[in-house]
Amino acid sequence: MSDQKIAILGSGANGASIGADLTAAGLDVTLIEQWPAHVEAMRASGLTIEMPDTTLHVEPRTMHLCEVATLRARFDVVLMLMKAYDSVWAAELIRPYLAEDGILAGVQNGMSTDAIASVVGPGRTMGTVIEISSTMSEPGVVRRHSGPARSWFAIGSIDPSAEPRREDVAKLLRHSGTVEIVDDIRATKWMKLISNATVLVPTAIVGLPMFDAITLPRLREVMVGAGREARDVGAAAGYPLLPIFGLSAEDVAQPDSVVDTLLDELYERFVLPGATTTVLQDWTKNRHSEVDDINGTVVSEGARLGVPTPVNSAVVEVAHRIERGEMDPGPANLDALLRLS
Amino acid sequence: MSPLGKKIAFVGTGAQGSGIGADLIRAGLDVTFIEQWPAHVEAMRARGIEVRLPLETVITPVPTALHLCEVAALREKFDIVFVLVKAYDTRWTVELIRPYLADDGVVVGLQNGMSIDDIAAVVGPERTIGAVIEMASNMYEPGVVTRQNAPENSWFALGGVHPEAQRRAPDVQEALQHAGTVEVTDDIRSSKWMKLVANAGELVPSAILDEALADAVRMPGVHEFMVECGKEAARAAVADGSRLVPIFGLTAEQVTGPEQYAADLLGEVLDKYSLPDTRTTVLQDWMKGRHSEYLEVNGLVVDVLARTGEVAPYNAHTVELARRIEAGELERGPQNLDLLLTLPVPAG
């Protein structure tokens, strides 16, 4: 077990945070990353994780994506922390370097588990929900808003043959936070999707940190509307509401109020002042966001299952306009969002 | 708008990709380079791409050289995407570029191996064009390519596996003709198999010996070994449903039986498309400590023949030696000559 070879595939803010924890724990871990300057910075001066009450500095083993073709040994566990839309190509990239009995865990947003399984097989696939808040403003330096005490993961497999391996992944992630092993990872990831559909893109559209966005009159209406549609689509898909993210069994027994409760719990427990969403961070860097993997999935699954999703459609439409450069994120977009939905 | 009116991307701008891409840029086409080696991207941005041809050196400014990690910032879609990555990198590369391929765009696999099916699995057969590439080049320094065949000595074949893709082949031909002679074939699968017949003998055996191709061929017994690899590959091509077809500018009359044709194709590569110091792509990869395409070439021959219960001892032996070299169990070098030429005695 101690000679287990581990890779972090995608060592951005979240990936680097976990990679730093595993490095500090003395495990055999390689941080694979696509941003050249970040790899160079980590090689030159190590990786710094600034947390609210402490700073972690490690000298990790890192590898640029283009160096993957020089790998000789295979990995036993690969934790993939790429954007959801990068899941398939990243899984294809790492497939030749995953041990026959290795595990590829998609530690990311979106319903990526089945896409990963289509590449490496369900027996080598682990689905994961991740609840960490972090940003990377300069190469080699991560600001992690939620340290291990405030970070949370859920892990589950979609194939019985992978069930015994859940603990292997859990053991690793416990270095970075609390880990829950779940029986229905698809439903768990859909719970996270409800939360993401509510918060990530709507707050990014108004261009504000999550904490400030919700104070805008009527934005909460859009957020809850998007979340309720996600809840309804999940119900149509057969995903039960689960008591996670601080929700109790009573909370999830009340579908009418569950999205409001989820939103309140999220803001109370996880949302920190100043923290911007991954979507707004992507837009600030002029990159594509995960909107199609979050609200877009609610829309496409809703269409498939006959559940109307006007609010999510509006969120997707405005996000696409922003990504096409037709408008910038900002509070003024709330009108467009309300008009379209 | 460029002369062709198409947005073109080169994904993988190593020795072959940047050498060909430079010709298209100089022809005034709208070309974006997408590359995974950071130092190479920086060098091309700073100084353009320097292509050292046999008779001249040409430096071409590259208007847009993107690193892989910048693909997520792309806003427009491409009409033609030329893929020039190693065969084993095909699937992930095409997955990466898929969101940026126009609905009626095409991906053109300018690669060794039968990558056509990998590409089609990702973007659909109606957007897939297979290609054969015959030119020799190398790159050991970022931004600087040695291209051993000028466009007048470079040869390509193109074709779709679906009528919709085949309809677009002439556009691709028009773009690619700036880099060499381009034929459109109605049976690209067979054409790619013929290239594999040449590759099966040429690429890996010379690399196992750590020799330039021409030097390896002169070693006693090596040419015969290479021809045997090629013959097995020709049998695999037929077993896979392909035909023996002319490539490299040969005519139909020059296509003989599988035995002679394997030797002739290898002869064409040696005579027309390589120089005395040409090292194969496999040897270049090993020199850089990287994986090679031995499974996509010799491994495929073994697998395809195994499906019909046939054996491919020369290719199987080549695969095993390549595996040992990549695993660090065997050093490449001329001392492997006897080992290469001594096939294991079949069990039983």
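In helix α8 of chain A, the buried residues are Leu219(A), Val222(A), Met223(A), Gly225(A), Ala226(A), Gly227(A), Arg228(A), Glu229(A), Ala230(A), Arg231(A), Val233(A) and Gly234(A). A residue is buried if 20 or more other C-beta atoms lie within 10 Å of its own, exposed if 12 or fewer, and partly exposed in between, with C-beta atoms placed from the backbone. The model is predicted: local features need pLDDT of at least 70, side-chain atom pairs count only at pLDDT 80 or more, and totals for chains, interfaces and linings use all residues. Residues are numbered from 1 along each chain as its sequence is written, while chains are lettered from A and ligands numbered from 1 in the order in which they are written.

**Confidence**

- The model has an ipTM of 0.87 and a pTM of 0.91.
- For chain B the average pLDDT (the predictor's confidence in each residue, from 0 to 100) is 95, and 99% of the residues score at least 70.

**Helices of chain A**

- Helix α8(A) covers residues 219-237, and its 19 residues reach 27 Å from first C-alpha to last, close to the 27 Å expected at 1.5 Å a residue; the expected span is 1.5 Å times one less than the number of residues.
- Helices (H or I, at least four residues) and strands (E, at least two) are DSSP runs, numbered from the N terminus.
- The buried residues of α8(A) pack against α6 (185-205), α7 (210-213), α10 (255-269), α12 (295-305), α13 (310-323) and α14 (333-340) of chain A.
- In helix α2 of chain A (residues 36-45), the buried residues are Pro36(A), His38(A), Val39(A) and Met42(A).
- These residues of α2(A) pack against β2 (28-33), β3 (47-50) and β5 (61-64) of chain A, and also against α2 (38-47) and β5 (64-67) of chain B.
- Just after α2(A), a positive phi of about 80 degrees is found at Gly46(A).

**A sheet in chain B**

- Four strands of chain B form an open sheet with mixed pairing, in the order β4-β3-β10-β9; two strands pair if DSSP finds at least two bridges between them.
- β4 (57-60) and β9 (137-141) of chain B are the edge strands, each with a single partner, so one side of each has no neighbour in the sheet.
- From one strand to the next, the twist averages 20 degrees.
- Three bridges join β9(B) to β10 (residues 144-147) of chain B in the antiparallel sense, and Asn138(B) stands opposite Thr146(B) in β10(B).
- Helix α1 of chain B (residues 15-26) lies across β3 (49-52), β4, β9 and β10 of that chain, at about 105 degrees to β9(B).
- Axes are lines fitted to C-alpha atoms, for helices over the stretch in contact, and angles run from 0 to 180 degrees between N-to-C directions.

**Nonpolar core**

- The largest nonpolar core has 223 residues, and Leu9(A), Val78(A), Leu79(A), Met80(A), Val81(B), Val108(B) and Val197(B) have the most contacts inside it.
- Such a core is a set of buried Ala, Val, Leu, Ile, Met, Phe, Trp, Tyr and Cys residues joined through C-beta atoms within 7 Å.
- Beyond neighbours within four places in sequence, Leu79(A) is in contact with Ile8(A), Leu9(A), Ile18(A), Ala105(A), Val107(A) and Leu172(A); contact requires C-beta atoms, placed from the backbone, within 7 Å.

**Two individual residues**

- Arg324(A), in the loop between α13 and α14 of chain A, is exposed because 10 other C-beta atoms lie within 10 Å.
- Leu283(B), in helix α10 (residues 281-287) of chain B, is buried because 24 other C-beta atoms lie within 10 Å.

How values were computed:
Contact = placed C-beta atoms within 7 Å.
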